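Please read them with the structure open.

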Amino acid sequence: MKYQFKTNINCGNCINSVTPFLNNELDIEHWEVDTDNQDKILTVETELKPQEVVEIVKSAGFTSEFISAD
């Protein structure tokens with residue numbers, strides 16, 4: 001599944017901070033953050049449930065809110 005989340009990951013340093021948390025989760029196939037979007041959209045391709053992704057982002061010190069699934 002591909003999920004999208006509204007986040008407060010808003011710059012390169014923020015992306016550097018969250019990278020190890022998302023990269024170390026073996027069930028995440030791909031992820032990216034659109035920092036140019038005002039909602040700082042995190043797109044994640046994974047078999048995890050959206051709430052599990054929210055918890056991973058939270059453990060990195062950021063907030064995320066599930067907004068859609070493809």
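1. Strands β2 and β3 run antiparallel and are joined by six bridges. Within this pairing, Glu32 has Thr43 of β3 as its bridge partner. The model is a predicted one, and what follows should be read on that basis.

2. The pair belongs to an open sheet of four strands, ordered β2-β3-β1-β4, with antiparallel pairing. The edges are formed by β2 and β4, each of which pairs on one side only. From one strand to the next, the twist averages 25 degrees.

3. Helix α1 lies across β2 and β3. Relative to β2, α1 runs at about 165 degrees.

4. Which residues of helix α2 are buried? In this helix, spanning residues 50-59, they are Pro50, Val53, Val54, Ile56 and Val57. These residues sit on the same side of α2, because the arc they cover around the axis is only 160 degrees. The packing partners of the buried residues of α2 are β1 (2-7), α1 (12-23), β2 (28-34), β3 (41-46) and β4 (64-69). Just after the helix comes Gly61, with a positive phi of about 95 degrees.

5. The largest nonpolar core has 18 residues, and Leu22, Trp31 and Leu42 touch the most other members. At least two residues of this core come from each of β1, α1, β2, β3 and α2. The most are given by α2, which supplies four.

6. Leu42 deserves a separate look. Leaving out residues up to four places away in sequence, Leu42 touches Tyr3, Gln4, Phe5, Thr7, Leu22, Trp31, Glu32, Val33, Val53 and Val57. Two of the residues named here, Val53 and Val57, are also among the buried residues of α2.

7. Ser64 is placed in strand β4. Its relative accessibility is 15%, so Ser64 counts as buried, the limit being under 20%. Beyond its neighbours within four places in sequence, Ser64 is in contact with Phe5, Lys6, Thr7, Val54 and Val57. Of these contacts, Val54 and Val57 are buried residues of α2.

8. How many salt bridges does the count come to? The count is one. Asp39 and Lys6 form a salt bridge, with 3.8 Å between the closest N and O atoms. Since Asp39 lies in the loop between β2 and β3 and Lys6 in strand β1, the pair ties together parts that are 33 residues apart in sequence. Both partners are partly exposed: Asp39 has a relative accessible area of 26%, and Lys6 has one of 38%. Lys6 is also one of the contacts of Ser64.

9. Is Lys40 buried or exposed? At a relative accessibility of 18%, Lys40 counts as buried. Lys40 is found in the loop between β2 and β3. Most residues other than glycine have a negative phi.

Conventions:
Residues numbered from 1 in each chain as written. Predicted model: local features only at pLDDT ≥ 70, side-chain atom pairs only at ≥ 80, totals over all residues. Heavy atoms only, no water. Buried < 20%, exposed > 50% of the residue type's maximum accessible area, 1.4 Å probe, protein only. Arc of directions from axis to C-beta. Contact = heavy atoms within 4.5 Å. Salt bridge = Lys/Arg side-chain N within 4 Å of Asp/Glu carboxyl O. Core = buried A, V, L, I, M, F, W, Y, C linked by side-chain atoms within 4.5 Å. Pairing = 2+ DSSP bridges. Axes fitted to C-alpha atoms, helices over the stretch in contact; angles between N-to-C directions.
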